[in-house]
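Here is a short report on one protein model. Look over the sequence and the fold, then read on.

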Amino acid sequence: MLTYRPVIHLILLPAMLSMVTACAGGDEGGKGKKGPPEVGYVVVQPQSVPVQTELGGRVVAFATSEVRPQITGVIRQRYFTEGSYVRAGQPLFEIDPSLYRAAVNQASADLSSAQASANAATAKANRYRPLAEMEAIAKQDYTDANAQAQVARAAVAQRRAALETANINLRFTTVPAPISGRIGRSLFTKGALVNAGQADPLAVIQSADPVYVDMQQSSADLTRLRRSFASGGLASSGTSVRIKLEDGSDYGPTGRVEFSEVTVDQATGSVTLRARFPNPEGLLLPGMFVTAFFDQAINPNAFLIPQAALQRDFDGSAFVYLASKDGKALRRKIVAQGTSGANWIVTSGLNAGDRVITQGTNGLTHGVAVKPVPASTPQKTDASAKNAKPAVKTGG
């Protein structure tokens, strides 16, 4: 039985070899025409960049006063509305004044009695004086009379002081507001017995315009900052502070840093910074958590690079690619400390005039040939390559 399969193989083999050769030649020709990848770069120059600090903080009332009784008695009346604004000196509570009014009356009567006794003793001493000079009476009698007059006058002074004390205690039966501010809830009601030595206040008043914001900064960061000031690496900046509220919104008015604590908290290892903010609308409440932003210093020799240019190594260190003059990509390690807008702040690793690659960094390696162009130049993207008209293959 005859078969034609070997004949078919012999006929198809030359055609298949020619197709493979044509395809291989086409690929080699395409690779030969492809040049180095195009990358965009920016030229960096040193400039003065503010060193922004972000710290968490708590709102603290500008002034806080605990309303406390200074005498013992029963509360007879309350004169304020809880949560309202009160002014300094405004009556808040009234303590039953009956006993203290009686004490005033008694002290007044004691003073009148002492004054009468003093008048009599003084008159007697005045009468004895000429008699003692004429030796009509013994001089000792005049001395005794004069001493009794002095004791009587001293008793008058004592009774007058007692009357003043009684009047002060009577005045304390009306409990005034020590400061102006917003008063909280009343911790004691009408009819409650209060005394001067009690632990709980009657109410608490807080002055919330302006307010303080207390921020906690690591003592290590503060020490590093001070050393940079001393070495001249950083310059002092202003003390203007901005804050964000708990919902992430910006608080409009800016504040100013007033002082830094002189001791380090042993429990947290941090130092307290205090800023003062206006609070005319009462938006900031004591105890509220906020995030503070302020320029704590100025670095006069920093570099700003777009965030897209910075990459991270496996150990977390930062690096960028530079476009060399001979058209190669050079990997350079840098130190980046924070951001400023859409840029990284680089404090070490770059020199003036370096060309930092910001576009086309995917797939770059150290020493690879590149075609550097300014970052503002339009570059070819994958999308544009896909939109290009595909070549028509023939014979394959």
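The buried residues of α2 pack against α3. Helices (H or I, at least four residues) and strands (E, at least two) are DSSP runs, numbered from the N terminus. Buried means under 20% relative accessible area, exposed means over 50%, and partly exposed lies in between, with a 1.4 Å probe and protein chains only. A contact means heavy atoms within 4.5 Å.

This is a predicted model, in which local features need pLDDT of at least 70, side-chain atom pairs count only at pLDDT 80 or more, and totals for chains, interfaces and linings use all residues. Residues are numbered from 1 along each chain as its sequence is written, and side-chain values use heavy atoms, with hydrogens and water left out.

**The helix pair**

Which residues of α2 are buried? They are Y100, V104, A107, L111, A114, A118, A121, A125 and A132. In α3, the buried residues are Y142, A145, A149, A152, V156, L163 and A166.

The expected span of a helix is 1.5 Å times one less than its number of residues.

| Helix | Residues in helix | Expected span | Span, end C-alpha to end C-alpha |
|---|---|---|---|
| α2 | 36 residues | 52 Å | 53 Å |

For α2, the span is close to the expected value.

E135 sits in the loop between α2 and α3. Its phi is positive, about 60°, although E135 is not a glycine. Is E135 buried or exposed? E135 is exposed, because its relative accessible area is 65%.

**The whole chain**

The protein has five helices and 20 strands. Of its 396 residues, 29% count as buried. The protein exposes about 24700 Å², and carbon and sulfur atoms supply 54% of that area. Accessible areas come from the Shrake-Rupley method with a 1.4 Å probe; for residues, only the protein chains shown count as cover. Take the contacts between residues at least 6 apart in sequence: 75% of them join residues at least 24 apart.

**Two nonpolar cores**

A nonpolar core is a set of buried Ala, Val, Leu, Ile, Met, Phe, Trp, Tyr and Cys residues joined through side-chain atoms within 4.5 Å. The largest core has 18 residues. Which of them touch the most other members? They are F80, V86, L92, F93, I183, L202 and I205. The elements that give two or more residues to this core are β5 (91-95) and β9 (203-218). β5 gives the most, with three residues.

Leaving aside neighbours within four places in sequence, F93 is in contact with I75, Q77, R78, Y79, F80, T173, T174, V175, S186, F188 and L202. A second, separate core of 17 residues includes L55, M215, Y251 and L273.

**Local details**

Strand β9 contains P210. A cis peptide bond joins D209 and P210, with omega about 5°.

I298 lies in strand β14 (residues 289-306). At 27% relative accessibility, I298 counts as partly exposed. I298 and V51 are 247 residues apart in sequence, yet their C-alpha atoms are 5.5 Å apart in space.

D221 lies in helix α4 (residues 219-231). D221 is partly exposed, because its relative accessibility is 35%. The C-alpha atoms of D221 and S270 are 9.2 Å apart, and 49 residues separate the two along the chain.

S317 is in the loop between β15 (311-312) and β16 (318-323). Which residues does S317 touch, not counting those up to four places away in sequence? S317 touches Q311, R312 and K333. The side chains of S317 and D315 are joined by a polar contact of 2.7 Å. A polar contact is a pair of N or O atoms within 3.5 Å; within protein, one must be able to donate a hydrogen and the other to accept it, and residues adjacent in sequence count only if both atoms are side-chain atoms.

**Confidence**

pLDDT is the predictor's confidence in each residue, from 0 to 100. The mean for the protein is 81, and 82% of its residues reach 70 or more. Confidence is lowest in helix α1 (residues 5-33), at a mean of 45, and highest in β5, at 95. Over residues 1-32 the pLDDT is below 50, and this stretch has two contacts in the model beyond near neighbours in sequence. Residues 381-396 also have pLDDT below 50, with two contacts beyond near neighbours in sequence.
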